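Hi,

Here is the structure I promised to pass on to you. My notes on what turned up in it follow below.

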Amino acid sequence: MSTPPVTPELACDIFCAVVDNFGDIGVCWRLARQLRAEHGWRVRLFVDDLKVFHALCPEVDAALARQEASGVVIEHWREPAHAGDTLQIADVVIEAFACELPHAYIAAMARRASRPVWINLEYLSGEDWIADFHLRPSPHPRYPLDKTFFFPGLGAGTGGVLKERDLDARRARFDAASWWRERVGIERPGDGTTVVSLFAYENPAVDSLLEQWRDGDGPVVLLVPEGRISGALARFFGLPKFTAGMSARAGALQACALGFVEQPRFDELLWAADINFVRGEDSFVRAQWAAKPFVWHIYPQADDAHMPKLDAALAHYARELDAPAQQAIARFWHAWNGAGTPDWADFWRHRSTLDARATRWAAELADIGDLAGNLVAHVTARMAAP
Ligand code: TRH
């Protein structure tokens, strides 16, 4: 649900430490743009790794200490003590994924006449306990400051997930034919072909899946953004590498490697495909808004701690499906995450059920309200409180 701006000039600082890959900055960059564009907030984004940021936003220059893109001020967060050249403390401070704020900054927050609203934005999870912990305050041990835990989630009572106001309209306007010519360099495949997008970490299950697509009855076009899975594609096709612009064929399978594109264009890949393999956090969310069947390669954690999160997401997404479809999707998602061997035919025979569910699920998820709007509503209520 969208909320009008609290004040046009409300200032917000977002701190983001890039742990690995693209998800940390991916989420923060999307949130920063949305707070600026849709809620009129004045946003500064502190990021410790501008090279990774550059991949998502090519206009970011990794050599600059301070710059601006899409109306957001971007500061290179160089060392833990650095928090901008001046210690101007914003009205709202968002610490993403429990990255530690500079001590000098926290001390200055405590000195500020009107205390900032301090939010710890957590990682997304579909687990039930999220709703109980969402918006819980945690007092600072030394300063008169409260930090509030903001939990993105897939169910009622959570912070929801990010969704731009114009996303559905952009999806409706998507010109698939032009996209295929421009990005893949071939004509859009006909209805008899299954188009699969593959954004994943290294995955031992991919060889078996590639074999099944190669030996299957129907043609499959596989779109693979260059990245961690590209080596497996190269080995499968007997190529030295599988980089942007390359394509390869084997049996019923044609694979095309795509270059990494700026973040706002990533959705187009998901709209162009019939089914999307996604990973981490942000692409997982975008696949849900694409309203197409998808398979999640969850970020692997020690001791299989990620498996309950995978099952919690399945419980939301696959609820309502009949038992055979529910079991097939669970088998396939588990196999893609290391438990078993993926069986494409067993999974894809439920295609029409999965198509219909994907559309309904996108509507259900939208009912929770978008994360940026929910965050703004929370801050507005906090600031209005006596
Ligand atoms: O890259 P990810 O695996 O990110 C992460 C990190 O590993 C992080 O540490 C972890 O905590 C988190 O997952 C859960 O996957 P994710 O989250 O999907 O982020 C990928 C981003 O890259 C997403 O914002 C989309 C973007 N992207 C582009 O902008 N252009 C592209 O061409 C592609 C393929 C992706």
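The lining of the largest cavity divides into seven nonpolar, no polar and two charged residues (Ala, Val, Leu, Ile, Met, Phe, Trp, Tyr, Cys and Pro count as nonpolar, Asp, Glu, Lys and Arg as charged, and the others, Gly among them, as polar). Those residues are Val27, Leu124, Pro152, Val161, Leu162, Glu281, Asp282, Val285 and Leu371. The space in this cavity is about 70 Å³, and the structure holds two cavities of 30 Å³ or more.

Before the rest, a word on the model: it is predicted, so local features need pLDDT of at least 70 and side-chain atom pairs count only at pLDDT 80 or more, while totals for chains, interfaces and linings use all residues. Residues are numbered from 1 along each chain as its sequence is written, and side-chain values use heavy atoms, with hydrogens and water left out.

Cavities and pockets are found on a 1 Å grid over the protein atoms alone: in a cavity a 1.4 Å probe fits but cannot get out, a pocket is an open set of points with protein on both sides within 12 Å along at least five of seven lines, and lining residues have an atom within 4 Å of a point. Grid points are joined across faces, edges and corners, and a volume is the space filled by probe spheres set on the points.

The largest pocket holds about 660 Å³ of space. It is lined by 34 residues, with Gly23, Arg279, Gly280, Glu281 and Asp282 nearest its centre. By type, the pocket lining has 18 nonpolar, nine polar and seven charged residues. (Helices are DSSP runs of H or I with at least four residues, strands are E runs of at least two, and both are numbered from the N terminus.)

Two backbone spots may also interest you. Most residues other than glycine have a negative phi. Phenylalanine 97, however, has a positive phi of about 55°; this residue sits in the loop between strand S5 (92-96) and helix H3 (103-111) and counts as buried at 11% relative accessibility (buried is under 20% relative accessible area, exposed over 50%, partly exposed in between, with a 1.4 Å probe and protein chains only). Leucine 135 has a positive phi too, near 70°, and is partly exposed at 32%. Leucine 135 lies in the loop between helix H4 (129-133) and strand S7 (137-139).

Best wishes
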